Amino acid sequence: DGMASISRCPARLKPGMPPMEGGTRMGAINAHGKVIGGHQVTVVGDVPGPTVKLVANSVVLKKR
């Protein structure tokens, strides 16, 4: 049907918490993690690996 889904999850890194950097795959699901400004950003989706990487690399944290 051409439908796909992507989720992005930002979370503040806690002391001692190992960050996830880079990509991984489980079946048809791809994930890519990146640390931005003390936050772990994880993008997961049933899309190609380069797509989740592109989304992760386009995340910008907004200052409050």
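Ile-36 is in contact with Val-41, Ala-56, Val-59 and Leu-61, leaving aside its neighbours within four places in sequence. The model is predicted. In it, Ile-36 belongs to strand 3, and Asn-30 lies in strand 3 as well, which spans residues 29–36.

**Ile-36**
- Ile-36 has a relative accessible area of 18% and therefore counts as buried, since the cut-off for buried is under 20%.
- Pro-10 is 26 residues away from Ile-36 along the chain, and the C-alpha atoms of the two are separated by 9.1 Å.

**Asn-30**
- Asn-30 is buried because its relative accessibility is 9%.
- A polar atom of the Asn-30 side chain lies 2.7 Å from the backbone oxygen of Val-47.
- Val-47 is also one of the residues in contact with Asn-30 when neighbours within four places in sequence are left aside.

**Chain as a whole**
- The protein chain has 4 strands and 1 helix, in the order β-β-β-β-α from the N terminus on.
- Of the 64 residues in the protein chain, 23% are buried.
- Among contacts with a separation of 6 or more, 37% are between residues 24 or more positions apart.
- Taken along the principal axes, the C-alpha atoms fill a box of roughly 40 × 25 × 15 Å.
- The accessible surface of the protein chain is about 4800 Å², and carbon and sulfur atoms account for 59% of this surface.

Notes
Residues are numbered from 1 along each chain as its sequence is written. This is a predicted model: local features need pLDDT of at least 70, side-chain atom pairs count only at pLDDT 80 or more; totals for chains, interfaces and linings use all residues. Side-chain values use heavy atoms; hydrogens and water are left out. Helices (H or I, at least four residues) and strands (E, at least two) are DSSP runs, numbered from the N terminus. Buried means under 20% relative accessible area, exposed over 50%, partly exposed in between (1.4 Å probe, protein chains only). A polar contact is a pair of N or O atoms within 3.5 Å; within protein, one must be able to donate a hydrogen and the other to accept it, and residues adjacent in sequence count only if both atoms are side-chain atoms. Contact means heavy atoms within 4.5 Å. Accessible areas come from the Shrake-Rupley method with a 1.4 Å probe; for residues, only the protein chains shown count as cover.
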